[in-house]
Amino acid sequence: MSYKQFARTFFSGYARTLRGNRHLTQEEMSEQLHISWRSYSNLERGRSGFSAKSLLFLLLMLSQEETDLLLADLRVQLRELEETGNL
């Protein structure tokens, strides 16, 4: 798996979970990220990755605690993949 594939999978899963936890539709989530509904749908399904702009707006949706948890989870998953040679 490449870093690009990892990031796409990680953030698409995170966005889907965040949207569900906040009880948002895909259209509402796309509005929060300042992208089209179709673009968000592709992000959530892992067909495309987050642009810098959409990732920035995703991070701005989060509280400090949520951001800290997101980064901690990202670090753990990256380390696991690197240690196993899968990245």
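## Aromatic pairs

Rings of Phe, Tyr and Trp (its six-membered ring) are counted as a pair if their centres lie within 6.5 Å, with planes under 30 degrees apart called stacked, over 60 edge-to-face and the rest tilted. By that criterion, the structure contains three aromatic pairs. In F10 and F11 the ring centres are 5.1 Å apart and the planes stand at 90°, so this pair is edge-to-face. F10 and F11 are both buried, where buried denotes under 20% relative accessible area, exposed over 50%, and partly exposed in between (1.4 Å probe, protein chains only).

F11 also pairs edge-to-face with F50, at 6.2 Å centre to centre and 65° between the planes. This pair links distant parts of the chain, since F11 belongs to helix α1 and F50 to the loop between α3 and α4 (52-60), 39 residues apart. F50, like F11, is buried. One aromatic cluster is formed by F6, F10, F11 and F50.

## Basis of the model

The model is predicted: local features require pLDDT of at least 70 and side-chain atom pairs count only at pLDDT 80 or more, whereas totals for chains, interfaces and linings use all residues. Residues are numbered from 1 along each chain as its sequence is written, and side-chain values use heavy atoms, with hydrogens and water left out.

## Packing of α1 against α3

Helices (H or I, at least four residues) and strands (E, at least two) are DSSP runs, numbered from the N terminus. Helix α1 covers residues 3-21 and helix α3 residues 37-44; the two pack at an angle of about 115°, with their axes 8 Å apart. Axes here are lines fitted to C-alpha atoms, for helices over the stretch in contact, and angles run from 0 to 180 degrees between N-to-C directions. The two helices, α1 and α3, are therefore roughly perpendicular to each other, a class that spans 65 to 115 degrees, while angles under 35 count as roughly parallel, over 145 as roughly antiparallel and the rest as oblique.

On the α1 side, S12, A15, R16 and R19 meet Y40, L43 and E44 of α3, contact being defined as heavy atoms within 4.5 Å. By class, the contact of α1 with α3 comprises three nonpolar, one polar and three charged residues. In this scheme Ala, Val, Leu, Ile, Met, Phe, Trp, Tyr, Cys and Pro are nonpolar, Asp, Glu, Lys and Arg are charged, and the others, Gly among them, are polar.

## Salt bridges

A salt bridge requires a side-chain nitrogen of Lys or Arg within 4 Å of a carboxyl oxygen of Asp or Glu. The count by this rule is two. E44 and R19 form a salt bridge through their side chains (2.8 Å, N to O). E44 lies in helix α3 and R19 in helix α1, so the pair ties together parts that are 25 residues apart in sequence. Both E44 and R19 are buried.

A salt bridge also joins the side chains of E66 and R22 (2.8 Å, N to O). The pair links distant parts of the chain: E66 is in helix α5 (residues 64-83) and R22 in the loop between α1 and α2 (26-33), 44 residues apart. E66 is partly exposed at 26% relative accessible area, and R22 is partly exposed at 30% relative accessibility.

A7 is located in helix α1 and, at 28% relative accessibility, is partly exposed. The C-alpha atoms of A7 and F50 are separated by 8.6 Å, although the residues are 43 apart along the chain.

T67 is placed in helix α5 and is buried, with a relative accessible area of 17%. Apart from its neighbours within four places in sequence, T67 contacts L59 and L62.
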